[in-house]
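We will go from stop to stop, with a note on what to pick at each one.

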Amino acid sequence: MPSKLKENIKLSECTENEILTQLERILASAFFSRSTVLSKFLKFIVEETLASRTEELKEYTIAVSALGKSTDFNPQIDAIVRIHAGRLRRLLKEYYASSGKTDAIKIELVSGTYVPVFRNHLPSKQKDTAANIVQPVSYSRTKLTLAVLPFRNLCPTNEYQFFVDGFGEEMTRIFSKFQSIDVIAHHSARKYASALEDIRMIGADLGVHYLISGSVKRTSEEIIVNVCLIEVLKGRQVWSQTYNHALNIDNLMDIQNKITESVYSVLGGYYGFLIHQNYSTRRTSNLTLDSFDAALWNYYFHMNYSKDAYIKTRQALEHAVANDPEYALGLAMLSGLYLDAYSLGYPTIEDPVGEAYRIAKKAIKIDPQCQHAHQEYAWANVHMKRKSEAIKSMEQCLALNPSSVSSKGTVGFGMACAGEYKRAHELLTQSLDLNPHCPWWFYFGFFLVHYQNKEYSMALQYANKIEASDVFLNPLTKAAAKAQLGLTSEALEEIHILKEKHPMVMDNLKMYLNTFLLDSSLIDEIIHGVNKITGDVAT
């Protein structure tokens, strides 16, 4: 180990393990968890220094080994390492000025070098009072982070600047209601109003995964607003939309609200494009518990409902709420997971309905504004056959964020299970018209609506959209609809699948359907369809 490094460690009385522990603490902080690039940079230079390889800490080595650049990287042409080093120095200063101000060890990157320095950090004395004790955030590992950049004014004059500026504020406000995404305050992004910097650099500086940007133009007759979503790691534009409205100076705020809500309806919400995009880009064939955070595991389960995904999601959520008992969103998701497992016959806890009801109430008490908590409280009431309470909770869920298309679809499905078919069809239609990224059970909600209306062709169309191979409702809905349409041989194939893969369900069909459907006549009609094929009296 170089003598200079030995001296640093000796003077600060730091051991290698202590430095590595401090490194892990920094990387787990909210400052660094949002920036993969700077986290890799810091981890690499610290580990190389501890391994006595400081002479190799040059721009080229850092670019290739830490930042993933190709072997033909030329530091004389590309200043990316110097740029990130400057950002890393600033971020370390911000960390030690806030959440790291009481840390015992300080890791610094002195200007002009890429070799970190380790020092004893003597924080200023603070009064030992409860008010000064900051509780660490224990579960923010991979939460999606978004910023809305100031929109560009491409109008001939500055007459509509107030209208242009309003988009950043309004979109930041509305996306902040979505609890699975952290949204950077708009004033932090305003410094980029006229910047021409590389979008990847802006994203790294703000510490976000995605940026929303846009522009406003006008002609003598219309306002034209372009909006796009950018994934910052590669600087890729992954979504865009143009909105055209007749020019009406007295109606500009209504136009802005319509556009903002339209953007949120597509991108936001639990089944919106942002979550779908992040899940799709990170999905691999060999997922582990560390691949996603609990919220993304929950999304993964809801898109396929496989037993393997259920087990991993349950582990992730139970681990999350054990680490942070006040994690309202995690509690709400866990409540829904217990109920789903109960309905599908998956291994679950001793009293899934009672426990789901309890923790959903706890989530609401912790955070009365948590939409997901009200949603799962309603779902628990469906299982407990409390129809009026369930419907009341569903409507309250919608009222918390009327712009959430995902919530409209989820509540629409809940209404179908509660037997409120007209309301269910209305909400499900609104949801799918605005955002096609939905879980299969949205289609099951449509199946219930059409099947009870004896619209069996439409019911079969939606049953064919249910792609959940591990779920008994997949073959069951197809069998019931095909039987009612006289497609006997095809229906019989679905019955064989149901008997082979879900024998316990087939033997107790009414019991399983009764766990989440409140309309007994609909249950009887589904069973009647099955009996047309089997000739038995399904129970």
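Is cysteine 370 buried or exposed? Select it: cysteine 370 has 0% relative accessibility and counts as buried (buried means under 20% relative accessible area, exposed over 50%, partly exposed in between, with a 1.4 Å probe and protein chains only).

Before moving on, a word on the ground rules. This is a predicted model, in which local features need pLDDT of at least 70 and side-chain atom pairs count only at pLDDT 80 or more, while totals for chains, interfaces and linings use all residues. Residues are numbered from 1 along each chain as its sequence is written, and side-chain values use heavy atoms, with hydrogens and water left out.

Cysteine 370 takes part in no disulfide, and the nearest cysteine sulfur, in cysteine 397, is 8.9 Å away; a disulfide is a pair of cysteine sulfur atoms within 2.5 Å. By this rule the count is 0 disulfides. Now pick cysteine 155, which is also buried, at 10% relative accessible area.

Next, select leucine 154, in the loop between β4 (152–153) and α7 (161–175). Helices (H or I, at least four residues) and strands (E, at least two) are DSSP runs, numbered from the N terminus. Leucine 154 is partly exposed at 42%. Show its surroundings and you will find Ser215, Val216 and Lys217 in contact, leaving out residues up to four places away in sequence; contact means heavy atoms within 4.5 Å.

Threonine 172 is buried, at 9%, and touches Val148, Val183, Ile184 and His186, with neighbours within four places in sequence set aside.

Now color strand β1 (residues 105–108): Ile105 and Ile107 form its covered face, Lys106 and Glu108 its uncovered one. β1 pairs with β2 (residues 117–120) in the antiparallel sense over 4 bridges (pairing requires at least two DSSP bridges between the strands). Within β2, phenylalanine 118 is the bridge partner of isoleucine 107.

For the last stop, show helices α22 (residues 473–484) and α26 (residues 520–534), which pack at about 70° with axes 8 Å apart. They are therefore roughly perpendicular, a label for angles of 65 to 115 degrees. Residues making the contact include Leu476 and Ala480 of α22 and Ile526 and Val530 of α26.

Definitions and conventions: Axes are lines fitted to C-alpha atoms, for helices over the stretch in contact, and angles run from 0 to 180 degrees between N-to-C directions. Angles under 35 degrees count as roughly parallel, over 145 as roughly antiparallel, 65 to 115 as roughly perpendicular and the rest as oblique.
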